[in-house]
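Trainee: I am new to this structure and would like to go through it with you. May we begin once it is on the screen?

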Amino acid sequence: MFRVGQGFDVHEFAEGRPLIIGGVTIPYEKGLIGHSDADVLLHTVTDAALGAIGEGDIGRHFPDTDPEFKDADSAKLLSYIWKMVEARGYQLGNIDCTIIAQAPKMAPHIEAMRNRIAGLLNADPSQVNVKATTTEKLGFTGRGEGIASQATILLVQSNNG
Ligand SMILES: Nc1ccn([C@@H]2O[C@H](COP(=O)(O)O)[C@@H](O)[C@H]2O)c(=O)n1
Ligand SMILES: C[C@@]1(CO)OP(=O)(O)OP(=O)(O)OC[C@H]1O
C-alpha cells in the first residue's frame, strides 16, 4: 500500500537569526523567523508526511501559540511525526523537495540537507532529493523577503507493517 503527501511552507527573513534549512546551518547575513527555528524545509517535509497519513498539518500538532514550541528544533518535531508514520506501518518510498530562494546559493549545502533528512526519516540518501530554484527575482522570494519550499512524499508499507 502506498500513501502520497505534499507540503508547502514559507518563512520570512530577519537580521540576527541563523539560517537553518533542512537541518543544516547555512552561513548567511540573515536567517528565517518563526515561532520555532523556522526551518522551512523540515516544516515542509513534516507537512508532507502528515498529509500522507491524513493527520493534518504541523500547526495542529505543534501550535505556534504553545510556548513549548518556541525556538523548537524542527528536526525534533519531524522525528516525532516520523515515529507516528512508522507506528502506522509506513516507511519512506522517496521524497522530492524544492527550496525556492533567490539567495543564498543552496547548491553547496544540498548534499548535507539530503543526508540529514535521510537520517531523520530512517532512510537512505538515495530516497531523498533536494533541489533549489530562484524565482528570477520575481515575487517575495525574488525580492529576498523570505524562502518557500515544497515537497512531495511517497510512503510505502513496511515489511513488518
Ligand atoms: N537559492 C538557490 C537557487 C538556485 N540554485 C541552483 O541554481 C540553479 C539555477 O537556478 P534558476 O532559478 O536560475 O533555475 C538551480 O537549478 C540550482 O541548482 C541554488 O543553488 N540555490
Ligand atoms: C513549527 C511551529 C511551532 O513552533 O512554528 P513556526 O516556526 O512559526 O512554523 P510554521 O511553519 O508556521 O508551523 C507551525 C508552527 O506551529
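Trainee: How many bridges join strand 5 to strand 7?

Mentor: Strand 5 and strand 7 run antiparallel and are joined by 10 bridges. Two strands pair if DSSP finds at least two bridges between them, and helices (H or I, at least four residues) and strands (E, at least two) are DSSP runs, numbered from the N terminus. Please note that this is a predicted model, in which local features need pLDDT of at least 70, side-chain atom pairs count only at pLDDT 80 or more, and totals for chains, interfaces and linings use all residues. Residues are numbered from 1 along each chain as its sequence is written, while chains are lettered from A and ligands numbered from 1 in the order in which they are written.

Trainee: Which residue is the bridge partner of L92 in strand 7?

Mentor: L92 has L155 as its bridge partner there. R3 also stands opposite L155.

Trainee: And how many bridges does strand 1 form with strand 7?

Mentor: Strand 1, residues 2-15, pairs with strand 7 over 11 bridges in the antiparallel sense. Within strand 7, Q150 stands opposite F8. Strand 1 also pairs with strand 4 (residues 30-33), again antiparallel, over 4 bridges, and E15 has K30 of strand 4 as its bridge partner.

Trainee: What does I99 touch?

Mentor: Leaving out residues up to four places away in sequence, I99 touches I21, L41, M106, V130, A132, I147 and S149. Contact here requires C-beta atoms, placed from the backbone, within 7 Å.

Trainee: Now the ligands. Which residues surround ligand 1?

Mentor: Ligand 1 is surrounded by A101, A103, K105, M106, A107, A132, T133 and T134. A residue counts as near a molecule if its C-beta atom, placed from the backbone, lies within 6 Å of it. By class, this shell has 5 nonpolar, 2 polar and 1 charged residues. Ala, Val, Leu, Ile, Met, Phe, Trp, Tyr, Cys and Pro count as nonpolar, Asp, Glu, Lys and Arg as charged, and the others, Gly among them, as polar.

Trainee: Which residues come nearest to ligand 2?

Mentor: Of the 13 residues around ligand 2, the nearest are G34, H35, S36, D64 and F69. That shell divides into 6 nonpolar, 5 polar and 2 charged residues.

Trainee: Going back to A103, is that residue buried or exposed?

Mentor: A103 counts as exposed because 12 C-beta neighbours lie inside 10 Å. A103 is found in the loop between strand 5 and helix 4, and the peptide bond from A103 to P104 is cis, with omega near 0°.

Trainee: Where is A38, and what is its phi?

Mentor: A38 lies in the loop between strand 4 and helix 1, and its phi is near 65°, a positive value in a residue other than glycine. Most residues other than glycine have a negative phi, and most peptide bonds are trans. A38 is buried because it has 26 C-beta neighbours inside 10 Å.

Trainee: What is the phi of N122?

Mentor: Phi of N122 is near 50°, also positive. N122 is found in the loop between helix 4 and strand 6 and counts as partly exposed, because 14 C-beta neighbours lie inside 10 Å.

Definitions and conventions
Two residues are in contact if their C-beta atoms, placed from the backbone, lie within 7 Å. A residue is buried if 20 or more other C-beta atoms lie within 10 Å of its own, exposed if 12 or fewer, and partly exposed in between; C-beta atoms are placed from the backbone.
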